[in-house]
Amino acid sequence: MMAQYLALREDAGDALLFYRMGDFFELFFEDAKAAAAILDIALTTRGEHDGQPIPMCGVPVHSAESYLARLIRAGCRVAIAEQIETPDEAKARAKREGTPSSKVLVGRAIVRLVTAGTLTEEALLEPRRANVLVALTELRGSIGIAACDVSTGAMVLEECAPEMLGAALARIGPSEVVVPEDWANGPDEAIFRPRGTFASDAGADRLKALHAVATLDAFGDFSRAMLAAAGGLIAYLDHVGRGNLPLLLPPVRRTAEAGMAMDEATRASLEILESTSGGRNGSLIGAVDRCVTGAGSRLLAEDLSAPLLDHAAIEARLALVQFWRDRPIERAQLRDGLRAIPDLGRALGRVVAGRGSPRDLGQLRDGLSEAMRLHRWLSGAPDRPALLDDMLARLTGHGALTDLLGRALVPSPPTERSNGGYIADGYDAGLDELRATSGDARRAIAAMEARYRDETGIATLKIRHNGVLGYFIEVAARHADRLMAPDSGFTHRQTMKDAVRFNSLTLHEEAARIAEAGGHALAAEEAHFEALVAEITAARESIAATAAALARIDVAAANAERAAESDWCRPEIAEDTGLTITGGRHPVVEAALAQAGERFVANDCVLAQDNRLWLIGGPNMGGKSTFLRQNALIVLLAQAGCFVPATAARVGLVDRLFSRVGAADNLARGRSTFMVEMVETAAILAQATQRSFVILDEVGRGTSTYDGLALAWAVAEAVHSRIACRCLFATHYHELARLAETCEALSLHHVRAREWQGDLVLLHELAEGPADRSYGLAVARLAGVPDAVVERAKAVLEKLEATREATGGIAAGLGDLPLFAALRPEPQASPEQRLAEQLRAADLDALTPREALDLLYQWKRALPANKR
């Protein structure tokens, strides 16, 4: 056995090996130590290897999924080694090979690798989160990306420039990434696979074979990089499935122009799908999601991750939300109906992957039937938007399949198919006859038990059954002597502590009848199961389309429900570069305040070509960052096709959204907080266009006052004059207000605050004009800084302000600078020229001998080395 195990262990590579032994999956050696620590189960030993005890632990097969889920969450990969033959088949093989039957070992093989990106089991997946596997490769300077949610079969191919890979992966949010071996540009913890599997020709051939087509033209125009990535993805799925591919739908091509671009920093800053604490609570989707199905929540997450740029597509989504917003009664009925629909996409994925159960077939039957009911109901609704008509067309066409599944399956099919019982009576006359035979035999055994009690006089005699002995007669030990007599007709089989077990010829014959009929019945049900799976597999694309349509309808109804809850408005989408938001609110903050019984203070935001940069000052805790983020989120929601938290909103299409709000150090990459801030700011200055929307908060705060002010000044000028995009810029540098004198499209604003009887009152209202002060000491007192420290800071502040008034402040003279666009690099003076200027300026008569000597040394150090 150990030789077989070690061979499989080598085949498993870096995965933990689940080695099937009877009703348990066993782990040995280092695998056992690692699994026992993660799963918190007992670590024991079994036998010896090389003179040392073998560490061992195990988990029951019937509950293996829960243990697998914990191992996957811990970052492990697991290889499943199953028995691939029965003991009888093993003995027959040994006989053919001339091996003694006492030494035969049941054959085992790795049937599957369980990895984070290839899960299909319901117990291992989060219902409201997509589980995406991504393959990456670089070809001729472009990165090919193949992304697939194996649980539903959806596949998307795209490509991007190497510098945009981080933003693309942040949008996709993969659970697992596969890259060619020795490729240095992949993300951390990527899985390396043979480079030969990432070939464009092989990728095209795999896709053609998979979808039985001669050309991929009907699916889209795919680049070589996309096809190479697709080849690597399919090869990896073939590897982990050991030749059994999951559901893979025809690939969809995605272009970079299809959606609003957002980099990793922006997504993290806006907390779109995950809050900074790591969960849905506190994130945008946590505040917006009112979907009643897991598929709807997954689609909403996709919408928010990739807002649209197509005006018509956005309006189509908004029209469908408006349709349900205007019909509260019908919306409630629809949502009740959707709640009853199973997750069709994932049930289909399990069935096609060969991991389906009778329950999955029942879910497909019930879900498709409900989809057709919704089609009949909604087809009669007046004034339907075009997008709803498109979805309705996908909800029908499954009548024959649902009729077949309805006739074939019992009302509530079991999750396990090994025990049968899921094919309905009346579907197969032969199966009904086998069940009748088995049932008659069981009734015969019950009659036999009664007869044996009468004949032996043992009232407690029972006929029992287990998986080892089959049917047997059991009596208490004190009655065993009556059945031990040679002429009793009973044969002794097993002696227990308090009971003795027997057999009889009649019981043996009835048990054989039951076993034969039961075996034939199970085989017949298994054949019907495979036939039903084949019918479903043949209709997989239309079923997937139905699942996608139901998800889109759920998203629209959920958005309407969310809009009705908090009186959100339908945004107007425009092709210009304006942004007008009346009574805007932050959806997450507003929801949190509502739970606490408090009211959110709404604010307006009006950006136009002649007023496109707002410089916002005011105290910390006054709401500057909230105001910045809420407007970015309103833009994002609008282009995702959602209603927005505002009284009214008009959004000019934004091609790129940038958020540099808040920063933390990145010790893993050796970056300080200020360095992270500068990297993010550099990305904005390099990538933003005139159609972009940028929010900047406290640029330059991580360095000295002079450096920070200089950087903030230059960045504001660049955004205003060179990029000329819409921007909200929050700062504590009051000196930046001088920019309003030279930047015609810049306006000054501040968040209002007042001090009342020594306390700071934050009004959270935005007003025009510059901030008069930052109220930093008052905020410090609110935060609990000791009074003595605050008073000392007050004294220091008074001294600094007096100095600023005397000198004109640190911004003195900045108003004389030309605009950013007008700056030209000034010619640099040579060392000799600088020395000549210093010599002319020196008062030689006033120099002491020591000062003259120091000046000579200074000049000598300033000269280039080769001229000294």
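I take buried to mean under 20% relative accessible area and exposed to mean over 50%, with partly exposed in between. The model I am reading is a predicted one.

**Helix α2**

I looked up α2, residues 29–39, and noted that Asp 31, Ala 32, Ala 35, Ala 36 and Leu 39 are buried in it. Looking down the axis of α2, I find these buried residues within an arc of 125°, so they line one face of the helix. An α-helix has 3.6 residues a turn, so residues three or four places apart point the same way. Glu 30 and Ala 37, on the other side of α2, are exposed. I then asked what covers the buried residues of α2, and the cover includes α1 (2–12), β1 (16–21), β2 (24–28), β4 (52–60) and α3 (64–73). After α2 comes Asp 40, and I noted its positive phi, near 55°.

**The six-stranded sheet**

I traced an open sheet of 6 strands with mixed pairing, in the order β11-β10-β7-β8-β9-β12. At its edges stand β11 (191–193) and β12 (252–253), each with a single partner strand, so one side of each is left without a neighbour in the sheet. Within the sheet I followed β8 (residues 142–149) and β9 (residues 154–160), which run antiparallel and are joined by 7 bridges; Asp 149 has Ala 154 in β9 as its bridge partner.

**Ala 261**

I found Ala 261 in strand β13, residues 261–262, and it counts as partly exposed because its relative accessibility is 24%. Leaving aside residues up to four places away in sequence, Ala 261 touches Asp 655, Arg 656 and Leu 657. Its C-alpha atom is separated by 9.0 Å from that of Arg 171, which is 90 residues apart from Ala 261 along the chain.

Terms used. Residues numbered from 1 in each chain as written. Predicted model: local features only at pLDDT ≥ 70, side-chain atom pairs only at ≥ 80, totals over all residues. Heavy atoms only, no water. Buried < 20%, exposed > 50% of the residue type's maximum accessible area, 1.4 Å probe, protein only. Helix = DSSP H or I, 4+ residues; strand = E, 2+ residues; numbered from the N terminus. Arc of directions from axis to C-beta. Contact = heavy atoms within 4.5 Å. Pairing = 2+ DSSP bridges.
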